[in-house]
Amino acid sequence: MTLRPILIHPDPRLKKVADPVARITPEVETLAADMLATMYDAPGVGLAAPQIGVNLRVFVMDATKEPDAPPRPMVLVNPEIDWVSEMLNTYEEGCLSIPEQYGEVTRPKQVRLRWLGLDGAQHSEEFDGLWATCAQHELDHLNGILFIDHLSAIRRQMITRKMVKLKRDRARA
Ligand code: NI
């Protein structure tokens, strides 16, 4: 497994619509393993392939909250939303591509997703709470949407300016 560098906003690669995966290959398996390792190392609860510069519809997540619960690493290839609840939920979201910036985003409280697993089979599951928020946040990444796109323009510009400065400081260091 290889830890992959995570792209920091603003970056044109984070704004693209990602391409579907044609079929599960060893390359896709390696990509998924690298993404999970990179996510746990960050640490984060989700990571989408475009965040490491791979323009494919793949994301990983593990929104297990209880510290003593076993991890539940999930890999979702070509995920689609089948259903969302009318009930909404507001979470303070963050993103590994927008370090140390947070904002409240309101999304459906529950979602049912359908995706291709690494086993080559179609999977379907209903997610709730943090899992549902995480899944929608990661699915957004596959469509070039960041959580700050759900915030006010003023807040989004403020965060973007901070990220431009962060990238400049990192490039100098
Ligand atoms: Ni994110």
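Ala, Val, Leu, Ile, Met, Phe, Trp, Tyr, Cys and Pro count as nonpolar, Asp, Glu, Lys and Arg as charged, and the others, Gly among them, as polar. The model is predicted: local features need pLDDT of at least 70, side-chain atom pairs count only at pLDDT 80 or more, and totals for chains, interfaces and linings use all residues. Residues are numbered from 1 along each chain as its sequence is written, and side-chain values use heavy atoms, with hydrogens and water left out.

**Exercise 1.** Find the protein donors of the nickel ion.

*Solution.*
- Donors are N, O and S atoms within 2.8 Å of the metal (3.2 Å for Na, K and Ca); water is not among the atoms, so sites may look incomplete.
- Cys95 (SG), His137 (NE2) and His141 (NE2) lie 2.1 to 2.3 Å from the nickel ion.
- Their spacing in sequence is C-x41-H-x3-H.
- Cys95 sits in strand 4 (residues 88-95) and His141 in helix 2 (residues 129-142), so this pair, 46 residues apart, links distant parts of the chain.

**Exercise 2.** Are Cys95 and His141 buried or exposed?

*Solution.*
- Buried means under 20% relative accessible area, exposed over 50%, partly exposed in between (1.4 Å probe, protein chains only).
- Cys95 has 10%, so Cys95 is buried.
- His141 has 1%, so His141 is buried.

**Exercise 3.** Describe the lining of the largest pocket by class and by element.

*Solution.*
- By class, the lining has 10 nonpolar, 8 polar and 4 charged residues.
- Strand 4, strand 5 (98-108) and helix 2 each supply at least two lining residues.
- Helix 2 gives the largest share, 6 residues.
- Helices (H or I, at least four residues) and strands (E, at least two) are DSSP runs, numbered from the N terminus.
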